[in-house]
Amino acid sequence: MAVIEIDKESGFCFGVVTAINKAEQELAGGGTLFCLGDIVHNSDEVERLRRKGLRTITHEEFGKLSGAKVLLRAHGEPPSTYEAARERGIEIIDATCPVVLRLQQRIKARYDSEGADAQIVIYGKRGHAEVNGLVGQTDGKAIVVEDAEGLSHVDFNRDIFLYSQTTKPLEGFRSIIAEISRRKSPDVRFEYSDTICRQVANRTEHLRRFAAGKDVVLFVAGTKSSNGKVLYGHCLDVNPRTHLIANETEVDPAWLENAGTIGICGATSTPRWLMERVRDAIAEKVQQGNG
């Protein structure tokens with residue numbers, strides 16, 4: 001019989017746990033609660049909360065609300081969202097992750113102290129909700145770079161202040177630092193802040209060890225999860241029998257053949273209950289295969 005193990009360190013990060021707890025507390029009190037964007041990048045968890053009454057809305061729909069109650073997810077929002085809420089009498093339930101909030105405050109303080117000409121660079125995914133909130137602290141003037149090629153938009157003859165999206169990989173951030181250091185003019189001031197969340201970053205090596213020790217790995221993550229794609233890639237790198245799935249319905253029995261140990265792990269946006277459902281589905285398929 002195959003041994004099936006769920007990684008103890010996989011699942012929701014602190015910020016996501018806090019956001020979901022706040023949503024459930026508000027929903028328990030009755031009334032309508034809106035959430036600006038998916039509360040977490042996992043469609044199964046979003047659906048679970050929808051059944052409890054949480055209504056996900058877009059920024060366009062948010063602009064048409066008035067006198068409503070809106071939850072801001074862990075990713076955070078730019079100042080314009082708060083201004084719009086005040087103008088429309090919208091009550092904000094702020095679930096911005098504390099790590100993201102501190103980063104927003106640091107970027108805003110830098111922008112305010114250096115002036116509008118400050119060259120603030122953010123290493124992150126363009127268009128990501130967290131990054132949009134960070135850029136908003138600079139009146140939209142921050143430069144977002146996803147990799148070294150994106151540095152072509154940076155003026156290396158002007159002072160540079162570098163920050164990172166909290167969920168980006170440390171090795172990527174270090175490579176950006178090295179490339180800016182190499183290319184900047186000698187008299188340019190270059191300052192950088194390591195703002196990567198260690199609860200997320202520290203999972204990488206742990207997951208690599210976890211995946212390497214299993215015959216087969218099922219990595220559970222929503223299709224919208226950037227963090228999931230990155231962590232899945234690390235598992236696949238050390239174990240070619242790693243498979244990315246959204247939920248238990250995507251488990252292929254053929255993957256489980258001749259597997260003595262099966263590992264289940266996930267992203268910071270993957271709920272524990274979903275990994276447990278995958279475990280139960282695998283156990284059933286293994287039993288059927290042995291029957």
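What follows is a conversation of questions and answers about this predicted model.

Visitor: How many helices and strands are there in the protein?
Guide: Since this is a predicted model, everything here is read from predicted coordinates. The C-alpha atoms fill a box of roughly 70 × 55 × 25 Å along the principal axes. In the protein there are 11 helices and 12 strands.

Visitor: What percentage of the residues in the protein is buried?
Guide: A residue counts as buried when its relative accessible area is under 20%. The protein has 291 residues, and the buried share of them is 52%.

Visitor: Is S193 buried or exposed?
Guide: S193 sits in the loop between β9 (190-192) and α8 (198-201). Its relative accessible area is 13%, and the cut-off for a buried residue is under 20%. S193 is therefore buried.

Visitor: Which side chain is joined to that of S193 by a polar contact of 3.2 Å?
Guide: Leaving out residues up to four places away in sequence, S193 touches R106, L162, Y163, S164 and F173. The polar contact of 3.2 Å runs from the side chain of S193 to that of R106.

Visitor: Are α5 and α6 roughly parallel or oblique to each other?
Guide: The axes of helix α5 (residues 98-114) and helix α6 (residues 129-136) come within 8 Å and cross at roughly 30°. Angles under 35 degrees count as roughly parallel. So the relation of α5 to α6 is roughly parallel.

Visitor: Which residues of α6 do V100, L103, Q104 and I107 of α5 meet?
Guide: The crossing of α5 and α6 is right-handed. The residues of this contact divide into four nonpolar, two polar and one charged. On the α6 side, the residues that V100, L103, Q104 and I107 meet are E130, G133 and L134.

Visitor: Which residues of α10 take part in its contact with α9?
Guide: The crossing of α9 and α10 is right-handed. From α9, the contact is made by T204, L207, R208, A211 and A212, and from α10 by L231, H234, C235, D237 and V238.

Visitor: At the start of α10, which backbone nitrogen does a side-chain oxygen of S225 reach?
Guide: Helix α10 (residues 226-238) has several buried residues, including S226, N227 and G228. The buried residues of α10 pack against α7, α8, α9 (203-212), β10 (216-220), β11 and β12. At the start of α10, the oxygen of S225 comes within 2.8 Å of the backbone nitrogen of G228.

Visitor: Which residue's backbone oxygen does the side chain of T270 reach at 2.7 Å?
Guide: T270 is in the loop between β12 and α11 (272-290), and T270 is buried, with a relative accessible area of 0%. A polar atom of the T270 side chain also lies 3.0 Å from the backbone nitrogen of A267. The backbone oxygen reached at 2.7 Å belongs to V220.

Visitor: What is the phi of D139, which is not a glycine?
Guide: Most residues other than glycine have a negative phi. D139 lies in the loop between α6 and β7 (143-145) and is exposed, with a relative accessible area of 60%. The phi of D139 is positive, at about 55°.

Visitor: And what is the phi of N258?
Guide: N258 is found in the loop between β11 (242-245) and β12 (261-266). With 77% relative accessibility, N258 counts as exposed. Although N258 is not a glycine, its phi is positive, at about 60°.

Terms used
Residues numbered from 1 in each chain as written. Predicted model: local features only at pLDDT ≥ 70, side-chain atom pairs only at ≥ 80, totals over all residues. Heavy atoms only, no water. Helix = DSSP H or I, 4+ residues; strand = E, 2+ residues; numbered from the N terminus. Buried < 20%, exposed > 50% of the residue type's maximum accessible area, 1.4 Å probe, protein only. Polar contact = N/O pair within 3.5 Å; in protein donor to acceptor, adjacent residues only side chain to side chain. Contact = heavy atoms within 4.5 Å. Axes fitted to C-alpha atoms, helices over the stretch in contact; angles between N-to-C directions. Parallel < 35°, antiparallel > 145°, perpendicular 65-115°, else oblique. Left-handed = near helix turned anticlockwise from the far one by under 90°. Nonpolar A, V, L, I, M, F, W, Y, C, P; charged D, E, K, R; others polar.
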